[in-house]
Amino acid sequence: MQIRTIKIRGTGQYLPKQKVTAQQLAEKLGIEQDWIEKKTGVLVRHFVEDETASEMGAYAAQDALKAAGLSFADIDCLVCTSAVPEQAIPCTASLIHKHLGGENSGVPAFDINSTCLSFITGLDLVSYAIAGDRYSNVLIVATEVGTGINWKDKESCTLFGDGAAAVVVSKSEAMDSSKIICSRMETYSKGVRLSECQGAGNRYHPSEFAQNPEYFLFKMDGKAIYRLASEIMPGFIKRLLEPDGLCIADLQMVIPHQASLMAVRLIGKQLGIPPERLMTIAQHCGNTVAASIPMGLHQAILQGRIHRGDRVMLLGTSAGFSVGAIVLEY
């Protein structure tokens with residue numbers, strides 16, 4: 001079953017209070033502002049002050065619930081789709097659940113993690129549960145705080161920003177055309193070491209942090225990731241679209257993971273996506289990891305760039321190395 005008659009009823013986002021411009025970050029790192037702007041395209045990003053990831057997720061969730069005309073009492077499942085959890089245990093979804101006042105609700109809450117593709121993976125899996133009448137209204141949240149950023153690596157540290165986004169997903173009503181048309185995910189683990197953070201799991205004991213802090217910091221080979229993505233992406237898109245008789249020209253909007261503004265534009269050019277049909281938000285918030293795709297979706301709706309009935313592709317890559325996409329009729 002590829003087609004699933006589900007509807008995105010509402011979206012929301014939250015950006016932390018602290019804004020950091022390219023100039024401010026350049027001064028902190030001792031590099032040129034122009035280098036940051038040309039290399040990453042990020043003019044402004046947001047970093048947490050006193051917010052936690054679960055608090056940001058709850059703020060975004062409240063925004064999405066309001067847009068959907070619902071309250072938490074109407075939700076029968078909460079899924080967190082973040083790349084990095086707030087803490088090892090419990091799952092971030094349960095922490096968001098508490099912030100939303102769900103302490104005694106019994107509403108199930110759990111995490112789904114496929115790093116930067118977590119939101120696409122979560123939406124894909126949840127859509128089957130809704131189509132199968134397991135759930136009626138599901139709240140999906142992605143919230144990210146870049147605590148593992150390596151500030152000595154200017155290639156990566158200048159890309160990221162903190163933030164959260166959320167969507168409310170329900171079964172489409174009889175008169176709605178909203179649906180998921182197709183979805184696909186492929187993993188090529190030859191790229192498993194191209195971006196990683198080795199610490200904070202069970203590979204290394206926390207006591208090793210002081211002696212080996214690099215284990216707990218994010219690292220990536222951006223050029224190798226882009227080469228691998230460029231190699232895989234055209235064939236992936238063909239395998240995604242052709243079974244349903246679709247092509248890029250049939251899409252009104254493509255919302256990609258905002259790895260960097262340069263990466264988004266290069267992929268757009270490679271796939272033949274016109275700039276006006278390619279959603280870019282990295283310049284205003286940076287790479288917000290798994291939150292970047294739902295944040296792009298929220299902004300596309302808010303700015304009137306997509307409308308009910310439009311065909312939209314959500315597209316991304318993730319550490320692992322994986323590529324994934326969903327084509328939906330909004």
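Reader: Why is Tyr59 called partly exposed?

Author: This is a predicted model, and in it Tyr59 has a relative accessible area of 40%; because buried means under 20% and exposed means over 50%, Tyr59 counts as partly exposed.

Reader: What makes Tyr14 and Tyr59 a tilted aromatic pair?

Author: The structure holds 5 aromatic pairs, and one of them joins Tyr14 and Tyr59, with 4.8 Å centre to centre and 45° between the planes. Ring centres must lie within 6.5 Å, and planes under 30 degrees apart count as stacked and those over 60 as edge-to-face, so an angle in the remaining range is tilted. Tyr14 belongs to strand β1 (residues 6-14) and Tyr59 to helix α3 (residues 53-68), so that the pair links parts of the chain 45 residues apart.

Reader: Why is the pair of Phe209 and Phe216 called edge-to-face?

Author: Phe209 and Phe216 have 70° between their planes, at 5.1 Å centre to centre, and the name follows because planes over 60 degrees apart count as edge-to-face.

Reader: How do you know that Ser114 is buried?

Author: Ser114 has a relative accessible area of 15%, and the limit for buried is under 20%, so the label applies. Ser114 is found in the loop between β5 (109-111) and α5 (118-131), and, leaving aside residues up to four places away in sequence, Ser114 touches Thr121, Met185 and Ser318.

Conventions. Residues are numbered from 1 along each chain as its sequence is written. This is a predicted model: local features need pLDDT of at least 70, side-chain atom pairs count only at pLDDT 80 or more; totals for chains, interfaces and linings use all residues. Side-chain values use heavy atoms; hydrogens and water are left out. Helices (H or I, at least four residues) and strands (E, at least two) are DSSP runs, numbered from the N terminus. Buried means under 20% relative accessible area, exposed over 50%, partly exposed in between (1.4 Å probe, protein chains only). Contact means heavy atoms within 4.5 Å. Rings of Phe, Tyr and Trp (its six-membered ring) pair if their centres lie within 6.5 Å; planes under 30 degrees apart count as stacked, over 60 as edge-to-face and the rest as tilted.
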